[in-house]
Amino acid sequence: MKIKDCCSTEEADKTAIKKNHNHSHAGHQHEGHQHAANESHDDDDGHNHGSGEPESWTSHWPLLTSLAVIIIMLTLEYGFNITFSQLIQLFIYVPAYLLAGYNVLALAFRKAIRLDFFNEFFLMSVATIGAFAIGSYSEGVAVMVFYSIGEWFQDSAVNKAKRSIKALLDIRPDSVDVIRNGKVINVAPAEVAIEEIIQVKPGEKVALDGVLYSEKATFNTAALTGESKPDSKNKGDQVLAGMINLNQLAQVQVKSLFKDSKLSKILEMVQDATARKSQTQLFISRFAKVYTPIVFLLAVMLITLPYFFVTDYNFQDWFYRGLVFLVISCPCALVVSIPLGYFGGIGLASRNGILFKGSNFLDIMTKIDTVVMDKTGTLTKGVFQVQKVNTEGIQEKEFIQLLAAIESKSTHPIATAIAEYAGTTPDQAMIGHVEEIAGHGLKGLIDGKEVLAGNAKLLKKFNILYPAEIDAIVDSVVVVAIAQQYAGYVTIADEVKADAKQAITDLHALNIKTVMLSGDKQSVVNKIAAFLGIDQAFGDLLPENKVTKVEELKAAGRTLAFVGDGVNDAPVVALADAGIAMGGLGSDATIETADIVIQNDQPSKIVAAIKIGKLTRNVVWQNIILAMSIKVIVLILGAGGIANLWEAVIADVGVALLAILNAVRIQRMKI
């Protein structure tokens, strides 16, 4: 998911100009291409906004000086009826113009020598120089000043959005207390080695991933999951960077380096997300490339064609109308506010514990009409407990000992439940070769005996007879055969998540079809599906069967999201239009695999992700309609000689600011 760093010629131009001219617009960049701390650029965009670093007012002194000049001159002219000769005005306005527009002129020139004339820098340069050519000095300066102010505000909004997205997750402490040689030393987190013990005071953030070394502790995980409910941990439980210790002094044994922490990976992912553009953003980029030359052509036609049709043709009058046309046609409101809207959506999702790997997935979630879900760990807690043990021809103690031994080689939640029920750690010396038979169970050599442990299909596969009543058991069941003979079974029960039923209800309210796919037996799947109200449920599925089911849904024209663990169901995640990992906070592989990561285990976040996508789409299209409507109206007025340059620039800057304010509000919305 890495975005390759590259530096376009435009980016190099901006960097060079910025070094020579300390003006915030010298590097005005259009967000959408930042990777970590380095700026990169995609030539599909006309320009970039925002370095991501806050700037002080003093860094804009040339622009503010130019603004002061235009205010003073207009006050003298219209307030005190004091006017100056054309020559004096020229001497006053030219420096003011250069102070406000030096960077724009420089960028326009650099592009022009590469024969790139159809960009907003060249557009603004032509319009303002044209205003000077016909003696409209104050208007020429005003266009450049207000255009630059608009760019400044746009830069600030983009930078703020970038910083707020980063701040949501970049909560890593600057220092950490580590215990070395019996002493507590305060060091930078990057200096702590794996297996060292760090100490976390009440109220402090955990700096590195590890396991709890103390007997127990309680943490606030809101920064990672979006949920403020305290999470109690016992010795040996996983503790992640960003969690806040609540009650008592806790010790954590470090299990990963600072740069490899889950929080660092998530932060990098969210930053990279701004570089993966949505179809709307890509369309606007392509639109701007076509739109700008068309506007130039229309402006030229507006100036020249009336010569052949208007009896009292006045070149200066029509040239002025052409300049108005160029100014109002600037596409900056669209090019800035649309990515800014998507940043807002990504930020809002992050605040709610949902990580989108790109703004393109915000768009995809608005089109989802089917949500396909795994059962275990998605709709159920995945915390199994042994309910019943039934043996035949073997003592229960020996039966559990053999079963726990073979299951110790599996990471499935059922295997964990059996290990907990056994209560003892199997002797590894008694465990021979163990292999997993996909969709069936395990086969291995335990204490010199061949042991099979899995579902009924496993025993059928090896032609081992077992009691028929086992097939009628509703709960999950692990059937065991020892030395080719049926030896008994264990029933396992899972618990449905608290918000699963409401999540399914909310999905149905959005007219979204729900489907459950599971490797568990059909009777268990049917029971849970009926309780939750799921539309379709399929059990007894091998991984390849899940792929087949998803392919069938896609062939039927469904746009679907698949929700699972993102690792075991990787083929299905790859097939889905949007792959969603549930509870992915603890798994690097999950974060890498899925398109969207829900950081806690709540199915209700699936609904939240869809709603955030729709909110973002609505705001983006509001901005598109607002910007285009106002521009078309003022373009018509300008062509008719009704709107002047002042009105054109105010309309252009005004619509850009309205669009920006509309986009920024996404981050403050409630889901």
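Strand 16 and strand 17 (residues 449-454) are paired in the antiparallel sense, with six bridges between them. This pairing, like everything described here, is read from a predicted model. Within it, Gly-441 stands opposite Gly-454 of strand 17. Two residues separate the strands in the hairpin of strand 16 and strand 17, where Asp-447 has a positive phi near 50 degrees.

On its other pairing, strand 16 (residues 441-446) joins strand 15 (residues 431-437), again in the antiparallel sense, over five bridges. Glu-436 has Leu-442 in strand 16 as its bridge partner. The hairpin of strand 15 and strand 16 has three residues between the strands, and Gly-439 takes a positive phi near 75 degrees there. In a regular strand, side chains alternate between the two faces of the sheet.

## Nonpolar cores

The largest nonpolar core has 50 residues. The members that touch the most others in this core are Tyr-93, Met-124, Val-141, Tyr-147, Leu-326, Val-327 and Leu-645. Two or more residues each come from helix 2 (61-79), helix 3 (86-112), helix 4 (120-133), helix 5 (137-169), helix 8 (279-304), helix 10 (315-328), helix 21 (604-639) and helix 22 (645-664). Helix 10 supplies the largest share of the core, nine residues.

Val-141 illustrates the contacts of one such member. Leaving aside residues up to four places away in sequence, Val-141 touches Ser-66, Ile-70, Tyr-93, Ala-96, Tyr-97 and Phe-132. Another core, of 47 residues, lies apart from the largest one, and Leu-348, Ile-354, Ala-537 and Ala-627 are among its members.

## Nonpolar surface patch

A nonpolar patch on the surface is formed by Val-290, Ile-294, Leu-297, Leu-298, Met-301, Leu-305, Tyr-307, Phe-308 and Phe-309. Together these residues have about 950 Å² of accessible area. Helix 8 and helix 9 (306-309) each supply at least two residues of the patch, and helix 8 gives the most, with five.

Tyr-307, one of the patch residues, lies in helix 9. Tyr-307 counts as exposed because its relative accessibility is 54%, and the cut-off for exposed is over 50%.

Notes: Residues are numbered from 1 along each chain as its sequence is written. This is a predicted model: local features need pLDDT of at least 70, side-chain atom pairs count only at pLDDT 80 or more; totals for chains, interfaces and linings use all residues. Side-chain values use heavy atoms; hydrogens and water are left out. A nonpolar core is a set of buried Ala, Val, Leu, Ile, Met, Phe, Trp, Tyr and Cys residues joined through side-chain atoms within 4.5 Å. Buried means under 20% relative accessible area, exposed over 50%, partly exposed in between (1.4 Å probe, protein chains only). Helices (H or I, at least four residues) and strands (E, at least two) are DSSP runs, numbered from the N terminus. Contact means heavy atoms within 4.5 Å. Two strands pair if DSSP finds at least two bridges between them. Patches are made of residues with over 30% relative accessible area and no salt bridge: like charges are joined within 9 Å, nonpolar side chains (Val, Leu, Ile, Met, Phe, Trp, Tyr) within 5 Å. Accessible areas come from the Shrake-Rupley method with a 1.4 Å probe; for residues, only the protein chains shown count as cover. A salt bridge is a side-chain nitrogen of Lys or Arg within 4 Å of a carboxyl oxygen of Asp or Glu.
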